[in-house]
Amino acid sequence: MNLNPNEYLRRILESQTLNPNGQELTDLKKRGEDVVVLLDGAFPHSDKTIRYAGSFVKGTIICESYDLDIACHFANEDTSAGETLADIFASLKKALQEDYLVRPKTSALRLHSNDQDSLDKDFHIDVVPGRYTGLERSDVFIHISTREKSRLKTNLDLQVGYIRWSGYLGEIRLLKLWNVRTYLNLKTFVLELVTIKALRLPDAPFGLPERVRWVWEYLRDDADTFTVEDPANPTGNDLSEYLTQEVRSRIKKVASATLKTLDDGGWEATFGPVDEPTKEQKAAAIVTIISRRETPARPWCPVE
């Protein structure tokens, strides 16, 4: 099968598109609904908002790396889950442990199976506890467990919208796939932001293959100096902890190796062979494209 670079990358994207009605997303959404019911039952009289976030809502989901972020944010004056952010984090962890094996992350609670027949199976769900900073329910404080500063102010609406409506979802999804397959393991949000930053430079090229290569060149050439800012709090949220010198060195090394592979062997040597997408994958890709063109700018999908 002889495909030009653009056709090849489009096929890769099709093969990484989850069918909206397929088993993976069906299971993920069903599990998400179960989590919402559990949290509602655990805090029945609380003033809270539970909404979906992450790649599921951003439109950057790929088959090889997908999850569902569930933001559970309490009103500013609501103390039913605790007085402090650490209290809220602990309260949600305790509630979720009724049905799940819960593994705390930096600011989220990752859910795994506690069933003996499937013990520790990853359900691809992160619950993100938080508290709104004011009555308007836009900015939110999130507990951070690995920093001296134990809270972070952000706005998940702005974060999701910034990525989803960037115009670079195809490029971001391909870079996410590269991030997974090369075991670079750069934090996804940082990768999304640096991709957008590189592609918004004045000399950035047109064309999907050209733009993906441009990002790799940017990562190779500017690995020691590039910065990323949280669009929800550009000066207040320091993302530099995710860009240590060790991480920067690995970014440069992996990007350089990728460009050499691309020059020596082409796109298939870089991403691997691509199979003919199934009818379901083609349908899913079409649905995704149409929804991005016709859906109004509503980056969040509130849980009803």
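Reader: Where is Q16 found, and which backbone atom does the side chain of Q16 reach?

Author: This is a predicted model, and every value below is computed from it. Q16 belongs to the loop between α1 (5-15) and α2. The side chain of Q16 comes to 3.1 Å from the backbone nitrogen of E64. A polar contact needs a pair of N or O atoms within 3.5 Å.

Reader: Is Q16 buried or exposed?

Author: Buried means a relative accessible area under 20%. Q16 has 6%, so Q16 is buried.

Reader: Which backbone atom does the side chain of N233 reach, and where does N233 lie?

Author: The side chain of N233 reaches the backbone oxygen of K153, at 3.1 Å. N233 lies in the loop between α8 (208-221) and α9 (245-265). With 17% relative accessibility, N233 counts as buried.

Reader: How is a pair of aromatic rings described?

Author: Two values are used: the distance of the centres and the angle of the planes.

Reader: How many aromatic pairs does a search of the whole structure find?

Author: The search finds eight aromatic pairs. One of them joins F43 and F74, with 5.6 Å centre to centre and 80° between the planes. Planes over 60 degrees apart count as edge-to-face, and the pair of F43 and F74 is edge-to-face.

Reader: Which residues form an aromatic cluster?

Author: W178, W216, W267 and F271 form one aromatic cluster.

Reader: Which ring does the charged end of R31 sit over, and which face does K187 lie over?

Author: For a charge over a ring, the distance is taken to the ring centre and must be within 6 Å. The charged end of R31 sits over the ring of F123, 3.9 Å from the centre of that ring. K187 lies over the face of Y242, at 5.0 Å from the ring centre.

Reader: Which residues lie nearest the centre of the largest pocket?

Author: D69, K105, K187, T188 and F189 lie nearest the centre of the largest pocket, and 37 residues line it. Helices and strands that give two or more residues to this lining are α3, β5 (122-132), β7 (151-154), α5 (156-164), α6 (169-181) and α7 (188-199). The space in the largest pocket is about 1,100 Å³.

Reader: How do the residues of that lining divide into nonpolar, polar and charged?

Author: The lining of the largest pocket has 15 nonpolar, eleven polar and eleven charged residues.

Reader: What is the phi of N185, and is N185 buried or exposed?

Author: N185 is not a glycine, yet its phi is positive, about 60°. N185 is found in the loop between α6 and α7. Exposed means over 50%, and N185 is exposed with a relative accessible area of 58%.

Reader: How many residues apart in sequence are V57 and R164, and what separates them in space?

Author: Two separations are read side by side here, one along the sequence and one through space. V57 and R164 are 107 residues apart in sequence, and their C-alpha atoms are 7.8 Å apart in space. V57 is in helix α3 and is buried at 4% relative accessibility.

Reader: What separates the C-alpha atoms of G59 and W165, and where is G59 found?

Author: The C-alpha atoms of G59 and W165 are separated by 9.2 Å, with the two residues 106 residues apart along the chain. G59 is found in the loop between α3 (55-58) and β2. G59 is buried, with a relative accessible area of 9%.

Conventions. Residues are numbered from 1 along each chain as its sequence is written. This is a predicted model: local features need pLDDT of at least 70, side-chain atom pairs count only at pLDDT 80 or more; totals for chains, interfaces and linings use all residues. Side-chain values use heavy atoms; hydrogens and water are left out. Rings of Phe, Tyr and Trp (its six-membered ring) pair if their centres lie within 6.5 Å; planes under 30 degrees apart count as stacked, over 60 as edge-to-face and the rest as tilted. A charge sits over a ring if NZ of Lys or CZ of Arg is within 6 Å of the ring centre and within 35 degrees of the ring normal. Helices (H or I, at least four residues) and strands (E, at least two) are DSSP runs, numbered from the N terminus. Buried means under 20% relative accessible area, exposed over 50%, partly exposed in between (1.4 Å probe, protein chains only). A polar contact is a pair of N or O atoms within 3.5 Å; within protein, one must be able to donate a hydrogen and the other to accept it, and residues adjacent in sequence count only if both atoms are side-chain atoms. On a 1 Å grid over the protein atoms alone, a cavity is a set of points where a 1.4 Å probe fits but cannot get out, and a pocket is an open set with protein on both sides within 12 Å along at least five of seven lines; lining residues have an atom within 4 Å of a point. Grid points are joined across faces, edges and corners, and a volume is the space filled by probe spheres set on the points. Ala, Val, Leu, Ile, Met, Phe, Trp, Tyr, Cys and Pro count as nonpolar, Asp, Glu, Lys and Arg as charged, and the others, Gly among them, as polar.
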